[in-house]
Amino acid sequence: MGINDYTGGPGADQTGVLVVTTNDVPGYRVERVIGEVFGLTVRSRHLGSQIGAGLKSMIGGELKGLTKTLVETRNQAMERLIEGAKARGGNAVLMMRFDVTEAADVGTEVCAYGTAVVLVPAGT
């Protein structure tokens, strides 16, 4: 995985949905608020990464297997968030956040959530 794989989800030019962590987008106005959307996934860790992480934690350093799993999990949650916004007629998600929790000691739950809206250029 290259650096681009670790630095955020796909852009609006690829998905048709702009996802931002801000309340608004300069040059655009919210024409319609659709409501909350989220993308949720729960992933378990496989035995190999658990053993590797345990060994690595003794000597220090990045747990690359777990990092890769978390990046893939976040990306899947983002994809589901975007699909949800599109399905409800949105072209943007404002105030996007991630929530990450342990799921009953068997995996990690990642939820991407925000407010689906329809954005239009400010001059219209």
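A: In this predicted model, the cover over the buried residues of helix α3 includes α1 (12-15), β1 (18-19), β2, β3 and β4. The residues of α3 that are buried are V71, T73, A77, M78, L81, I82 and A85. An α-helix has 3.6 residues a turn, so residues three or four places apart point the same way.

The helix itself has 24 residues. From its first C-alpha to its last, α3 reaches 34 Å, close to the 34 Å expected at 1.5 Å a residue. Just after α3, G89 takes a positive phi of about 95 degrees.

As for the setting, the protein has three helices and four strands, which follow one another along the sequence in the pattern α-β-β-α-α-β-β. Of the contacts with a separation of 6 or more, 77% are accounted for by residues 24 or more positions apart. Of the 124 residues of the protein, 28% count as buried. Carbon and sulfur atoms hold 53% of an accessible surface of about 7600 Å².

The nonpolar packing can be taken next. In soluble globular proteins, nonpolar side chains tend to be buried together. Here the largest nonpolar core has 14 residues, and those with the most contacts inside it are V37, M78, L81, A85, V93, M96 and A112. Two or more residues of this core are given by each of β2, α3 (64-87), β3 (92-103) and β4 (107-121). The largest share, five residues, comes from α3. A second, separate core has six residues, among them V20, V25, A92 and V117.

T41 is found in strand β2 (residues 28-44). T41 counts as buried because its relative accessibility is 5%, under the 20% cut-off. Leaving aside residues up to four places away in sequence, T41 touches T73, Q76, A77, R80, T108, E109 and V110.

Definitions and conventions. Residues numbered from 1 in each chain as written. Predicted model: local features only at pLDDT ≥ 70, side-chain atom pairs only at ≥ 80, totals over all residues. Heavy atoms only, no water. Buried < 20%, exposed > 50% of the residue type's maximum accessible area, 1.4 Å probe, protein only. Contact = heavy atoms within 4.5 Å. Areas by Shrake-Rupley, 256 points an atom, 1.4 Å probe, with all protein chains shown as cover. Core = buried A, V, L, I, M, F, W, Y, C linked by side-chain atoms within 4.5 Å. Expected span 1.5 Å × (residues − 1).
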